[in-house]
Amino acid sequence: MNSLLLFLVSLMVGLSFLMLMQTRVINLVKLLVIQNFILTAYIFCKALLYPTSEMYLSITITLVIKVIILPWALWKLAKYLKLTLHIEPLINKSTLQFIGILLVILSLLLSHQIESTIGEKIIVTFSLALANSMLALLLIIFRRKSISQIIGLLVLENSIFLLSATLTTGLPWLVELGMGFDVLIGFMIFSLFLLRIHATYGSLNLSYLEKLKERI
Amino acid sequence: MNFILLFLIPSLLAIIILPMIADRCIAAKMSFLFSVFSFLCALPLIFSVYFHDQTVFFLNQWLFCDKLGAFFIGINSFILMSTSFYSLGYLANEPPENLSKIIYRYYHTFFHLFSFGMLIVILSNNIGLMWIAMELSTIASVVLVALYQTQEALEAAWKYLILCGMGIGLALLGTVIIYFAAHDQLTNEQGLLWTALFANAPNFSAKLLAISFVFLFIGYGTKAGFFPLHNWLPDAHSEGPAPISALLSGLLLNVALLAIFRFKLILSKTSDADFASHLLLWFGFASLLFASFSLMRQRKLKRLFAYSSIEHIGLISIALGIGTPLAYFAGLLHLLMHSLSKTAAFFSSGSIIQRFHTQTISQLKGLTQSFPFAGWSLLFCCFALLGLPPSGIFFSELLLLLAILKTHALLALPLIIGLVVSFIAIFYKIQPIAFSMYPLTNDHLLKNREALTLPIMIHLFLVLLAGMIIPLLMMHPIAHVLW
């Protein structure tokens with residue numbers, strides 16, 4: 001079972017690497033949906049291992065939000081905004097990939113430092129979850145399209161879900177619910193903004209959003 | 001009845017009732033009334049915490065109010081009251097094409113939602129609840145920043161949303177790690193209670209706490225506007241309506257700092273106590289120096305004040321980083337004085353922008369002649385912010401300098417450089433706005449003058465009073481020795 005869990009986590013990190021490489025928005029959306037599925041599978045396995053009520057709540061919330069509502073909403077949004085465009089990352093792909101690998105190594109080293117307190121069992125999962133959140137930050141920073149920034153945030157959210165499922169056998173219900181609602185409300189507000197930006201500028205390119213930039 | 005419940009009732013009522021009121025005038029007045037009630041209900045809470053020396057708990061210990069919390073509740077509820085009073089005048093002068101009816105309703109509802117979020121952050125004992133409330137206040141304030149729906153406002157709100165969304169995510173990561181660090185000692189929900197964490201801190205793994213503190217610091221530090229993460233702050237402050245800029249600068253930054261401070265207190269009981277102090281000191285100095293040099297090249301009035309907020313947040317974080325009782329006193333005093341004078345500065349710049357329809361510094365000239373009240377009040381607000389005696393900020397900065405000389409004497413140098421540079425920058429920018437041979441004039445007169453002027457006067461008066469009373473309090477022990 002443990003090796004299965006590890007496999008699922010590494011699959012998630014692999015997907016994040018694939019996302020870094022994508023140039024089409026629609027592919028990003030598809031990859032995110034796959035990642036959500038894998039996350040749900042991971043939490044499901046965890047719930048089988050440690051059957052607590054918090055874990056069941058966690059799996060329900062993840063299932064409803066990440067597998068049913070978010071993909072549907074993302075799909076609607078992508079269809080409405082006609083997202084078949086290409087996006088180029090700010091720096092070339094191989095450099096981006098290389099930075100990603102460095103970040104994974106960094107998080108492995110970082111978690112190696114606390115191996116004694118965290119326990120050997122989950123140390124790899126912990127470091128991979130940390131690495132996933134760093135990759136999400138990369139995804140946000142090095143793109144010039146507003147929608148890909150949102151997807152980066154959702155990947156960050158995924159890695160937090162992953163981390164909390166790894167470290168604990170379910171957080172108290174309040175935090176679980178809060179996290180779920182955060183994803184939902186955040187996504188709603190974000191898509192409202194996307195629609196506004198699309199209506200105002202006719203594009204989602206962030207280069208239009210540079211009026212306030214300070215020039216020296 | 002529990003004092004915390006009593007205190008939260010007016011805000012909750014405001015959130016429920018205000019969306020239903022269609023009439024503009026009545027809605028604004030109701031909003032003011034609710035915040036007055038909120039302030040009045042805060043008084044028994046503050047008194048019971050301060051004078052009966054007891055920590056008030058509520059809702060299964062999820063909410064609590066200790067002396068630190070009571071101090072922040074006092075600042076927040078007072079400034080919310082004066083801001084909603086200022087809003088009466090500000091909204092009355094807003095041209096109707098800028099704010100349609102539906103947006104008007106949004107304004108009041110989200111104003112109270114935003115303030116409710118901040119109050120819950122201050123009161124929360126449960127760090128999960130604290131995180132949720134921070135998220136609530138972020139989302140509510142994003143809507144308020146984007147209120148004008150101009151292209152600039154949209155851009156500012158977008159930047160705010162992305163950066164703070166990222167920050168809030170990292171803060172959640174930190175919260176999860178801290179819960180994990182505590183799960184051996186504290187079962188289930190106890191692991192999220194700040195009081196329990198604080199009491200048991202020496203038993204936790206210091207390394208894990210340090211890692212979680214890094215995430216929490218970056219996360220909530222984004223909201224506090226520390227230097228490398230400050231990008232959203234000047235945009236959001238300059239593009240929103242003036243009362244909202246005042247709230248963002250005067251309250252939200254404080255609340256984020258309070259969250260960081262609470263976690264710093266947990267860490268300071270472990271062997272890694274220095275780590276948190278160093279983080280606060282480094283980021284504080286970086287913010288102070290960066291902001292004071294950036295002040296030089298600002299061309300917009302509200303942006304100038306936004307950078308000045310980064311500078312002051314840097315000062316407060318330095319004070320919290322030093323960590324001696326004198327430094328804590330200086331930091332908290334500075335926080336109070338900064339909130340009062342910065343909100344007053346945003347109020348007066350709001351009136352100026354409403355009258356002249358521009359916030360470009362080079363166009364605003366000689367306002368003490370053409371718009372005497374706003375010109376003079378802007379000048380005095382800047383004097384207060386720059387720490388000229390007898391304003392309270394002079395004293396807090398002096399105390400901070402003394403505290404830093406006692407512990408890290410060399411660090412006084414960058415502190416003085418930062419203060420001097422920002423003094424020169426702000427004075428250089430504000431002086432022509434106040435006095436000029438060719439004053440900018442127009443005959444667009446503002447309505448509802450009392451609502452625009454009274455809050456500024458009260459805030460400045462309080463800052464002045466603090467600056468004059470605190471020295472007397474400090475003389476008291478000396479007088480004891482003499483007689």
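**Two helices of chain B and their surroundings**

Guide: In chain B, helix α1 (residues 3-17) and helix α4 (residues 101-123) have axes that come within 8 Å and cross at roughly 155°, where axes are lines fitted to C-alpha atoms, for helices over the stretch in contact, and angles run from 0 to 180 degrees between N-to-C directions. That makes α1(B) roughly antiparallel to α4(B), the word for angles over 145 degrees. This is a predicted model, in which local features need pLDDT of at least 70 and side-chain atom pairs count only at pLDDT 80 or more, while totals for chains, interfaces and linings use all residues. Residues are numbered from 1 along each chain as its sequence is written, and chains are lettered from A, with ligands numbered from 1, in the order in which they are written. Helices (H or I, at least four residues) and strands (E, at least two) are DSSP runs, numbered from the N terminus.

The crossing of α1(B) and α4(B) is left-handed, meaning that the near helix is turned anticlockwise from the far one by less than a right angle. On the α1(B) side, B:I4, B:S11, B:A14 and B:I15 take part, and they meet B:T109, B:H112, B:L113, B:S115, B:F116, B:L119 and B:L123 of α4(B); two residues are in contact if their C-beta atoms, placed from the backbone, lie within 7 Å. Sorted by class, this contact has 7 nonpolar, 4 polar and no charged residues, with Ala, Val, Leu, Ile, Met, Phe, Trp, Tyr, Cys and Pro counted as nonpolar, Asp, Glu, Lys and Arg as charged, and the others, Gly among them, as polar.

Further along chain B, helix α13 (residues 325-356) has 32 residues and reaches 46 Å from its first C-alpha to its last, close to the 46 Å expected at 1.5 Å a residue, the expected span being 1.5 Å times one less than the number of residues. This helix, α13(B), is mostly covered, as 28 of its 32 residues are buried; a residue is buried if 20 or more other C-beta atoms lie within 10 Å of its own, exposed if 12 or fewer, and partly exposed in between, with C-beta atoms placed from the backbone. Just after α13(B), B:H357 takes a positive phi of about 55°.

The loops of chain B have details of their own. B:D53, in the loop between α2 (24-51) and β1 (56-58), has a phi near 55°, a positive value in a residue other than glycine, and with 8 other C-beta atoms within 10 Å it is exposed. B:Q61, in the loop between β1 and β2 (63-65), has a positive phi near 65°, and its 15 C-beta neighbours inside 10 Å make it partly exposed. In the loop between α15 (372-386) and α16 (392-407) we find B:P390, which a cis peptide bond, with omega about 5°, joins to B:P389.

Finally, chain B also meets chain A, with 34 residues of chain B in contact with 33 residues of chain A. Helices α5 (127-145), α6 (151-182) and α8 (206-224) of chain B each supply at least two residues of the touching side, and α6(B) gives the most, with 17 residues. By class, that side of chain B has 20 nonpolar, 8 polar and 6 charged residues.

Notes. Parallel < 35°, antiparallel > 145°, perpendicular 65-115°, else oblique.
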